[in-house]
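Visitor: Could you walk me through this protein model? I'd like some questions and answers I can follow.

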Amino acid sequence: MALQTIRHKNPHFIGVATNHLRKLGRRDFVAGDALIDGKWIAGEQRDAVVDPATGEEIADVAHCSAAEVNLAISAAERSFAAWRALLPAKRGAILRSWASLMLHHSDELAILVTSEQGKPLAEARDEIAYGAGFLEWFAAEGERAYGETIPGHKPGSLLQVRMQPIGVTAAITPWNFPVAMITRKAGAALAAGCPMIVKPAPETPLSALAVARLAEQAGVPRGVLQVLVGNPTELSTPLLRDPRVRALSFTGSTEVGRLLLEGAADTVKKVSLELGGHAPFLIFDDVDLDKVVKGATAAKFATSGQDCLAANRIYVQKGIYAAFVDAFAAAIAQLRVGHGLDPATDIGPMTKLSVAKKCRAQIDDAVKKGARAFSTDQGADLGPNFVAPTLLSDVTESMLIASEETFGPVAAVLPFDSEEEVVVRANSNEMGLAGYVYTDSLRRALRLSEQIECGMLGVNTASFTGPPIPFGGWKQSGLGREGSRHGLAEFMELKYVCFGDLVS
Ligand code: NAD
């Protein structure tokens, strides 16, 4: 089944991505075939990939079947013994070489990401560096899967806990970070000694396939990394049902995360889930206005707002509220909307039309219920996937945006009086991925760092993600962690061994 193509005419944009991709294609960088058991499979059916800025079809990719999922699982299983037996340092060397190939081809990868995902090219380049960083981190971390030795609890005994690779793993990845969400999972799985089958989002398969091609060039053996593209349920159902797949790592919406968790129950797989967010961003009266406006702009508008760490509720204390709203509106007015391949662009199109529609519905709902809206009105003539950066002030909890994730460039600002009150309001959401606190008081920062219910908290900073941090959420934002030493453990089993009778 072909993906939906959005037809609209914009003479400035048509062909922008295609022209770039043609040049890349000549260098064999645009791969549309799936990677199964070391072979590139064209498949009988193909799916269209579109530039979300123009709706133009830019490439087509294989449409894999359930039978091909089975082939991939068998190939992964065959590759497991040799891959786990490699010394961690050897696996690490392959991962490092994969990372350096990604960095070497950063420009080409960034063009692919922007062409199918829509984000500004500079952000796409940052994503490649961020994504390569996970391979480098796990290359080293794989050598540190130390385990433990525990003092014996029985006479003459020695207790050991080992970390062993879990087996064949699968990853289902989203479209907002089409490269980094793959390397964050595959870097950890491969470093742990596990093969991985990746199912990227159907909106962004080209980035995934290009990254897999570089993995192959770096020396990742046949079957150890495979990429299947096609319909999400057709591919995930056999992955979930097959008992040979021992772990599943997913990044995406909470709704789909729930379905996958349920589907994994029959074969009791280890499941890690990075799901939706609804980050509260708390601003107290005592802050430096310029710094907090910069922080809020970054936390809301990076990746054109399509970021699970995005500030979804910006709570501002009443003493600074009016000044903040004015300064934030001025900062938003500077953001330029356009095609991601245009170097002047700050905000690209929404990758999916449904996200743009959700943004518009949240704005309408908030305005109807009394919010004040500020927008530069850019984007309306550019196409249906564009949403102008918008500031909604005087937002209240009765509005959709206060409880439902936005995932687009719409900022909701809510006034508050006291610390006690805002903590309750910040924690009132069922999501608990990230949070932000801006205050000049160390005592308040320490108190709030204990009280805010989330997996990741930035205090006086909007920039805290990267390979060393345990990325993940509380409550319905997910299970498990990615990155850091905890990310490696998601793909390993603990084995406790008791050596007895040591005293002769
Ligand atoms: P989505 O859950 O629909 O898609 C994510 C992935 O799941 C894609 O690969 C998609 O093809 C696949 N998928 C969709 N339906 C499926 C099904 N029934 N069975 C198996 N796979 C299926 O997500 P979306 O709505 O396209 O993306 C936005 C959401 O993802 C947001 O809510 C956002 O917060 C979340 N997200 C979270 C993180 C994180 O790190 N926590 C990162 C990115 C996105």
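**A quick tour**

Guide: Phe 499 sits in strand E22 (residues 492-499); strands are DSSP runs of at least two residues, numbered from the N terminus. This is a predicted model, where local features need pLDDT of at least 70, side-chain atom pairs count only at pLDDT 80 or more, and totals for chains, interfaces and linings use all residues. Residues are numbered from 1 along each chain as its sequence is written, and side-chain values use heavy atoms, leaving out hydrogens and water.

Visitor: Is Phe 499 buried, partly exposed or exposed?

Guide: Buried means under 20% relative accessible area, exposed means over 50%, and partly exposed is in between (1.4 Å probe, protein chains only). The relative accessible area of Phe 499 is 33%, so this residue is partly exposed.

Visitor: Where is Thr 303, and is Thr 303 buried or exposed?

Guide: Look in the loop between helix H10 (289-301) and strand E13 (311-317); a helix is a DSSP run of H or I with at least four residues. Phi of Thr 303 is near 55 degrees, a positive value in a residue other than glycine. Relative accessibility is 3% here, so Thr 303 counts as buried.

Visitor: And Ser 484: which helix is Ser 484 in?

Guide: Ser 484 also has a positive phi, near 65 degrees, and isn't a glycine. With a relative accessible area of 4%, Ser 484 is buried. The helix you want covers residues 484-489, and its name is H15.
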